[in-house]
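Take a look at the model below.

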Amino acid sequence: IIDDMKPVHTFVKTLMGKVPDIQATSVFNGSEALSLLKTGKTYDLILLDWEMPELNGPETLQELLNLGVKTPVVMMTTKNDPADIQRMIELGAAEYLMKPFTVDILFDKIEMASGKAFTYAA
């Protein structure tokens, strides 16, 4: 989870805690995420916020691609302009998640981006 808002981390981790197969790691900006990924640690999925300090979501996504990271990225944002959505998909995001979101929508996007199905209790 790459997001500058602690409540988003808490909400997403609470939802993901309902699934035994998921472990979430939190960082609060793109720079932290890139530093973590440069250590060689790998992840199955990245939830990436659009609006953050230091490196925003689109900048972070571009840097991930420049590093050769193949992990699927789900962009999270309040931006609902179809041009923004299209731009992120063209840049390389696997999915686009509008905030606020429900547990069903979150897991739908995770499943679509990762290609894995999860059983969770709502």
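## Basis

This is a predicted model, in which local features need pLDDT of at least 70, side-chain atom pairs count only at pLDDT 80 or more, and totals for chains, interfaces and linings use all residues. Residues are numbered from 1 along each chain as its sequence is written, and side-chain values use heavy atoms, with hydrogens and water left out.

Helices (H or I, at least four residues) and strands (E, at least two) are DSSP runs, numbered from the N terminus.

## Helix 2 against helix 3

Helix 2 spans residues 30-38 and helix 3 spans residues 57-66. They pack at an angle of about 15°, with axes 10 Å apart. Axes are lines fitted to C-alpha atoms, for helices over the stretch in contact; angles run from 0 to 180 degrees between N-to-C directions. The two helices are therefore roughly parallel (angles under 35 degrees). Helix 2 passes helix 3 in a right-handed crossing: the near helix is turned clockwise from the far one by less than a right angle.

Gly30, Leu34 and Leu37 in helix 2 meet Thr60, Glu63 and Leu64 in helix 3 (contact means heavy atoms within 4.5 Å). By class, this contact has three nonpolar, two polar and one charged residues. Here Ala, Val, Leu, Ile, Met, Phe, Trp, Tyr, Cys and Pro count as nonpolar, Asp, Glu, Lys and Arg as charged, and the others, Gly among them, as polar.

## Helix 3 against helix 4

Helix 3 and helix 4 pack at an angle of about 15°, with their axes 10 Å apart. That makes helix 3 roughly parallel to helix 4. Pro58, Leu61, Gln62 and Leu65 in helix 3 meet Arg87, Met88 and Leu91 in helix 4. The contact has five nonpolar, one polar and one charged residues.

## Buried faces

In helix 2, the buried residues are Gly30, Ala33, Leu34 and Leu37 (under 20% relative accessible area, 1.4 Å probe, protein chains only). They fall within an arc of 95°, so they line one face of the helix. The arc is that of the directions from the helix axis to the C-beta atoms. Their cover includes strand 1 and helix 3.

Helix 3 buries Gly57, Pro58, Thr60, Leu61 and Leu64. These cover an arc of only 160° around the axis, which puts them on the same side of helix 3.

## Ala94

Ala94 sits in the loop between helix 4 and strand 3. Its relative accessible area is 33%, so Ala94 is partly exposed (between 20% and 50%). The C-alpha atoms of Ala94 and Pro72 are separated by 5.6 Å, though 22 residues apart along the chain.

Definitions and conventions
Parallel < 35°, antiparallel > 145°, perpendicular 65-115°, else oblique.
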